Amino acid sequence: MLNIDEIQNGIVIDHIQAGTSMHLYDLMGLDSLDCGVAIIRNVRSNKMGKKDIIKIEGDITGLKLDVLGYLDPNITIAEIRDGKIVRKEKPSLPKRLVNVVRCNNPRCITSIEEECDHIFELSENGRYRCIYCEQELQVKPR
Ligand SMILES: [Zn+2]
């Protein structure tokens, strides 16, 4: 585990809904990257009551940050360079969701073929559609 204040180069993902950080860890693909990670759970927050924070030190190439915009719009991402915050932003909605949500159309190929990736794309009306059967994503999973 990293000391919270020791990050020199990396990112800090803040304002995560408490209890969801491990789920985000998996979805961002952090387990396959070689960077240092600190997950701080159930931090007191004035705004949220409780929150989680993930700090990542090192090379974040390949990290799937865009999925955060879909999962939790309250999240903030701060980029740290030489120990200073150089950029702070909210994640934007990803163009594509790959294996984040499943298509619930029983006739969709993803329901039949187990190896098939579940892929949704953002359409012009701001909703996600399954790229195989065009089924619209109805509710956000939480
Ligand atoms: Zn489908």
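What share of the contacts in the protein chain with a separation of 6 or more comes from residues 24 or more positions apart? The share is 59%, where contact means heavy atoms within 4.5 Å. This is a predicted model, in which local features need pLDDT of at least 70 and side-chain atom pairs count only at pLDDT 80 or more, while totals for chains, interfaces and linings use all residues. Residues are numbered from 1 along each chain as its sequence is written, and side-chain values use heavy atoms, with hydrogens and water left out.

**Whole chain**

The C-alpha trace spans about 50 × 35 × 25 Å along its principal axes. Of the 142 residues, 39% are buried, that is, under 20% relative accessible area with a 1.4 Å probe and protein chains only; exposed means over 50%, and partly exposed is in between.

**Two domains**

Colour 10-89 as domain 1 and 96-130 as domain 2; such bounds come from an automatic or database domain assignment. Their centres, taken over C-alpha atoms, are 25 Å apart. Five residues from domain 1 and six residues from domain 2 take part in the contact. About 360 Å² is buried between domain 1 and domain 2, with 81% of it on carbon and sulfur atoms; buried area is the accessible area (1.4 Å probe) that two parts lose on being put together, summed over both. Next select Leu 27, Val 67 and Tyr 70 in domain 1: these lose the most area to domain 2, together 88% of what that side buries.

**Zinc site**

Centre on the zinc ion and show the SG atoms of Cys 103, Cys 108, Cys 130 and Cys 133, its protein donors at 2.2 to 2.3 Å. Donors are N, O and S atoms within 2.8 Å of the metal (3.2 Å for Na, K and Ca). The angles among the four donor atoms are 102 to 112 degrees, and the site is tetrahedral, a label for four donors with all angles between 85 and 135 degrees. Along the chain the donors have the spacing C-x4-C-x21-C-x2-C. Cys 108 is in the loop between β6 (96-98) and α3 (109-112) and Cys 133 is in the segment after β8 (128-130), so this pair ties together parts 25 residues apart in sequence. Cys 108 is buried at 1% relative accessible area, whereas Cys 133 is partly exposed at 26%.

Note on methods: Four donors count as tetrahedral if all angles lie between 85 and 135 degrees; four count as square planar and six as octahedral if opposite donors are over 155 degrees apart and all others between 65 and 115; anything else is irregular. Helices (H or I, at least four residues) and strands (E, at least two) are DSSP runs, numbered from the N terminus.
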